[in-house]
Amino acid sequence: MIEYKKFTLDNGLRVLVHEDSSTPLAVVNILYDVGARDEDPDKTGFAHLFEHLMFGGSVNVPNFDGPLQRVGGENNAFTNNDVTNYYLTVPAENLETGFWLESDRMLSLAFSDKSLEVQRQVVIEEFRQRYLNQPYGDVWLLLRPLVYKVHPYQWATIGKEVRHIEDASMRDVKDFFYRFYRPNNAVMVVAGNVQFDEVKQLAEKWFGPIPAGEANKRMLPQEPEQTEKRTLEVERDVPFDMIYMAFHIGNRMGEDYHAWDLITDILSRGKSARLLNELVKKRGLFSDANAFISGDADPGMIIVTGKLIDGVSFEQAEVSIWEQLDRLKSTPLDFNELQKVKNKAEASHVFSEMEALNVAYNLAYFELLGDASMVNTEVEKYQAVTADQIKRLANTALVEQNCSVIYYKSKK
Amino acid sequence: MIGELDRTKAPEFKVMESVNLLEAESFQLDNGNTVYYINAGAQDVFRIELLFNAGSWYQQKALVAGSASKLLAEGTSNRSAEALASKMDFYGAFLQSKADRDFASVNLYTLNKHLGETLPVLKEILTDAVYPENELKTYISREKQALITNQKKVSYLASSNFVQLLFGEKHPYGRKASVENYNSLRRIDILEFYQKNYQLLDCQIVLSGKIGEKQLQLVNQYFGGEDVERGNTEVQGFESRRTSEREHFISKDDAIQSAIKIGRPIFTKDHEDYHKLSVVNTLLGGYFGSRLMANIREDKGYTYGIGSGLASFLHSGYFVISTEVGAEVCSASLTEIYKELEILQNELVGQEELDIVKNYMIGRFQSNTDGPFAWADAFTAINKHGLDYGYYRDFFKTVKDITPEDIRTMAQKYLRKEDLIELVVGKR
């Protein structure tokens, strides 16, 4: 059970406080309600490039990292399709330094040309290192536009292409900042060895004077229902064939989210999971096979992947995966198998509550989705999943007309 | 209100010179072996780590130590891999097993309420693994594919070839895996290695989480009896053969980035210069604000990341600078890296920068030791090298007392270009 208290500043910044005196640390987590899905289709990769610019100096503080490191702190950030998250840890005595730094970059950035030029290069190198200079690295750049035809999930966080990053201008940077990086578009969580009253006073002092921005109403085009199977075949200089199969499912807040999560656990979590035992070990078709969900705020995907053993054809590989999916549709799970994945989900949840950074992010994320208290009902929701629900979901969503397949072929 | 608040001025802060150490307690098992434990944290969880002298240092044939570790839970006389995993998974437990050059480590994470069910399974795995032939076959096919895929990555080629240049291809710290090694892997070699090196009377056991009487009793019940044995690990000596050439290049025509490694073999953790060099390493490339990051990423934009580090093994170690840079800026990056090394040897670091490094290192120590598992890791990190908590007290003292002159001396002693081996993989 995660205890927390909440208040909202006049400018709309929501602040949640989780007190934990067992740690000497304090965590400040600021989650901005903006991700790659909010980008213009011609300017993709921008939310992530912007995240880099948040470290390039703010209006009153020329350098973000140095002053934080000087007080024994460290920090990082990430961007995904839904959100952008900034987090730092400091010795609890030096909490105020975190407030000073984070509030100044929410007030305004320095908008330095040098920072834009350098970070543009850094992000291009990141694009190359993670997506282009890696075997199978471009698969997300291929799969997303196959699965999504309308919704902005059709591009990856890094962007559609390097050119979009090359073209980003200072004007784009400023517009983005004043539109999305406003207190009313963010949630702050302060956790660790902190006191609620102290946090409240610091928040009013450092964040209170920041003006609110206009309310941001997100109006994204919703993906229409898929009506026929989509396939794509590519050939790359990789050593082995791989298959990727994706299906549309519901969103993070949907009532079936936890059931979908358990379905992927049944298929591929741990060494007792089905894909490993049936397809890798017993039948020797794959050297590796996995299933996972994207867990997005808007309707997401379940993805099944397999790395083919030499001599196995794509058709054989695909049929064998369908057999495992069909098994979920026809045969109800027995009690032990379902209880196993539920227990595992519960244990993971308990272990994840040991990390202050994790607790802070989860509180912020659920608050952004609508209600932080959902952090405490996750285990119940996993326990409430039924064998019938899993069977029903498999029958509805794990079907041909909802499927996108990539045959990622090795050039030999 | 904006007028009243001077945002250009940093708030007051407290400098920390050390961290209160949470030291491990010890408990003697009926068979004489000692168990160390950290009792802390709010959650009712339990972790046991067992550390065996079963790293690749002890193997007679390639890949045997790593395979013995990765296949440890793939079957016992009574249970198949799937049955063992189902049992652990049913209780929500996590079993991790990994081997490095010196040690094999086995970790079980479990909720305390299931300890009575999961500990006996762990014991079964540690005393009766049988390494079934079919599991070995699956494993070999998977690992071979992973290796072949890795060999396409400049970062992997750089890491695996670099240690070979530092220690020699026959040395356990320098050997790299080949597809042929997998083809000649035999079940009997793995089984014999396991029987010789995974013995419960010869391992270091560390518990962490919520540890009370009940947990200690259960550990004693399963691991404290006379039915466990002492191993007969043979400690072999090896001579390391460092390459005589300084510059090395592996060409990869289709690379759009090149991987760079620059470094040298270095002493073990008990050396008098270890903590000092560790400060120099942090300053140079050990944190986000380091000189290499500030120059090569934040000023030039040549890379997504660059860093340096110290690797410490039981019998040796190494220092290395690593990065992946745009192929077209590879030689410019090399020039800048050597320039930073020169500056460290010729100029004195300013007090402000040194203070940042010092405070960062203590803060980092604090955040790395948060929670019972982290404190157990801090204990294992010294215990496996035969060191005690004095090691950390020396660390705090060195960080507090080190001067700009000390830093320059260390750089002159250990970071001269002519002593460093350089490897580039990709294009230059």
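Mentor: Happy to. The lining of the second largest pocket draws at least three residues from each of domain 1 (25–223) and domain 2 (247–426) of chain B, with bounds from an automatic or database domain assignment. This is a predicted model, where local features need pLDDT of at least 70, side-chain atom pairs count only at pLDDT 80 or more, and totals for chains, interfaces and linings use all residues. Residues are numbered from 1 along each chain as its sequence is written, chains are lettered from A and ligands numbered from 1 in the order in which they are written, and side-chain values use heavy atoms, leaving out hydrogens and water.

A pocket here is an open set of points on a 1 Å grid over the protein atoms alone, where a 1.4 Å probe fits, with protein on both sides within 12 Å along at least five of seven lines; lining residues have an atom within 4 Å of a point. In this pocket there is about 1100 Å³ of space, the volume filled by probe spheres set on the points, which are joined across faces, edges and corners.

Its lining has 38 residues, and B:Lys269, B:Tyr274, B:Asn368, B:Ala381 and B:Tyr392 lie nearest the centre. Among the elements giving two or more residues are β3 (45–52), β9 (303–312) and α12 (351–368) of chain B, while α9(B) gives the most, with 6 residues. Helices (H or I, at least four residues) and strands (E, at least two) are DSSP runs, numbered from the N terminus. By type, the lining divides into 16 nonpolar, 14 polar and 8 charged residues, with Tyr counted as nonpolar, Lys as charged and Gly as polar.
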